[in-house]
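Hi,

Here is the structure I promised to pass on to you. Have a look at it first, and my notes follow below.

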Amino acid sequence: MGLLDGKNALIWGVANRRSIGWGAARALAREGARIALTYESERVEKMVRDCADQVPGTTMIQADVTDDAQIQAVYDELKAAWDRVDVVVHSIAYAPREDMEGRFADTSRNGFLTALGISAYSLVPITRYAVPLMPDGGSVMTMTYIASDRVFPNYNVMGVAKAALEASVRYLAADLGPQGVRVNAISPGPISTLAARGVPGFTGFAKASTERSPLRQSTDIDQVGDTAVFLASNLSRGVTGDVLFVDQGYHVLGF
Ligand SMILES: NC(=O)c1ccc[n+]([C@@H]2O[C@H](COP(=O)([O-])OP(=O)(O)OC[C@H]3O[C@@H](n4cnc5c(N)ncnc54)[C@H](O)[C@@H]3O)[C@@H](O)[C@H]2O)c1
């Protein structure tokens, strides 16, 4: 008996086996959920298929979240195949490389709009189009980072995008709570993924975080996955609009 037997879960943003989205997907599958993964482009299709092959029955759908029609098409496909979606995991972020080095003050207009569009706004249509498939309520979650609240070197516009993402979680939670749809964020500590390795200096602050955090260990995708199970399941039925840290306690430090 799994905690998520009979549930349907859609995970947005798997690129490869290191992806946090994949950690969430395999934990949800372990607890009995049926899984669909979205991936951005053919460029990552083979690596995503390697993941999907580990969980028999997994559906893969290509979608670029800059295009509303592609987002809607994912739900149309799932409506036909599944009828219902119970859990949605948003695990997507992007900022142009040149805006993740140097000074935040030099962020370009285009870089700002791109980063916020892909990393924050995409949660809004991804949630809005999910709701008609959640007649009995559901759970939506996204991945944020503590740079929403504090300044980290080179995180720059992505920190601002995470602040917008967390605020969006609160507004979505308030709108959709009456329909039984809960919306939360998970804030993991640094994990070496494709996206993280795009942040100059990532290895340095990942190491510092492991050395200084109360639990003195690094964060991995399975820890995040187990928290995703909690948020997806009835165990978290009283939790919405919140940010749950899975960062070995790093966020409580004041030094
Ligand atoms: N790795 C970390 O240290 C860390 C820490 C906290 C939060 N996060 C967040 O976790 C989430 C997942 O990142 P990750 O670290 O697993 O890296 P990742 O590179 O594996 O995942 C990022 C995903 O975003 C997708 N994506 C980017 N632009 C897209 C677009 N236009 N359309 C569709 N998909 C698009 C990529 O294809 C990829 O699958 C991100 O929101 C990231 O900010 C990561």
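**Around the ligand**

Ser-19, Ala-93, Met-143, Thr-193 and Ala-195 come nearest among the 25 residues around the ligand, where a residue counts as near if its C-beta atom, placed from the backbone, lies within 6 Å of the molecule. Please keep in mind that this is a predicted model, in which local features need pLDDT of at least 70, side-chain atom pairs count only at pLDDT 80 or more, and totals for chains, interfaces and linings use all residues. Residues are numbered from 1 along each chain as its sequence is written.

The shell around the ligand is made up of 17 nonpolar, 6 polar and 2 charged residues (Ala, Val, Leu, Ile, Met, Phe, Trp, Tyr, Cys and Pro count as nonpolar, Asp, Glu, Lys and Arg as charged, and the others, Gly among them, as polar).

**Two helix pairs**

Helix α4 (residues 109-121) packs against α6 at an angle of about 40 degrees, with the axes 9 Å apart. Helices here are DSSP runs of H or I with at least four residues, strands are runs of E with at least two, and both are numbered from the N terminus. Axes are lines fitted to C-alpha atoms, for helices over the stretch in contact, and angles run from 0 to 180 degrees between N-to-C directions.

In the contact, Gly-111, Phe-112, Ala-115, Leu-116, Ser-119 and Ala-120 of α4 meet Val-157, Met-158, Ala-161, Ala-164, Leu-165 and Ser-168 of α6 (contact means C-beta atoms, placed from the backbone, within 7 Å). Those residues divide into 9 nonpolar, 3 polar and no charged.

The other pair is α1 (residues 20-30) with α8 (residues 221-232), at about 55 degrees and with axes 7 Å apart. Their contact includes Trp-22 and Arg-26 in α1 and Asp-222 and Asp-226 in α8. By class, the contact of α1 with α8 has 10 nonpolar, 2 polar and 3 charged residues.

**Two single residues**

Ala-163 sits in helix α6 (residues 156-176). Why is Ala-163 partly exposed? Because Ala-163 has 16 C-beta neighbours inside 10 Å; the class covers counts between the buried one (20 or more other C-beta atoms within 10 Å) and the exposed one (12 or fewer), with C-beta atoms placed from the backbone. Ala-163 and Ala-93 are 70 residues apart along the chain, and their C-alpha atoms are separated by 13 Å.

Gly-241 belongs to the loop between α8 and β7 (243-246). Leaving aside neighbours within four places in sequence, Gly-241 is in contact with Val-169, Arg-170, Ala-173, Ala-174, Val-183 and Asn-184.

Best wishes

Note on methods. Two residues are in contact if their C-beta atoms, placed from the backbone, lie within 7 Å.
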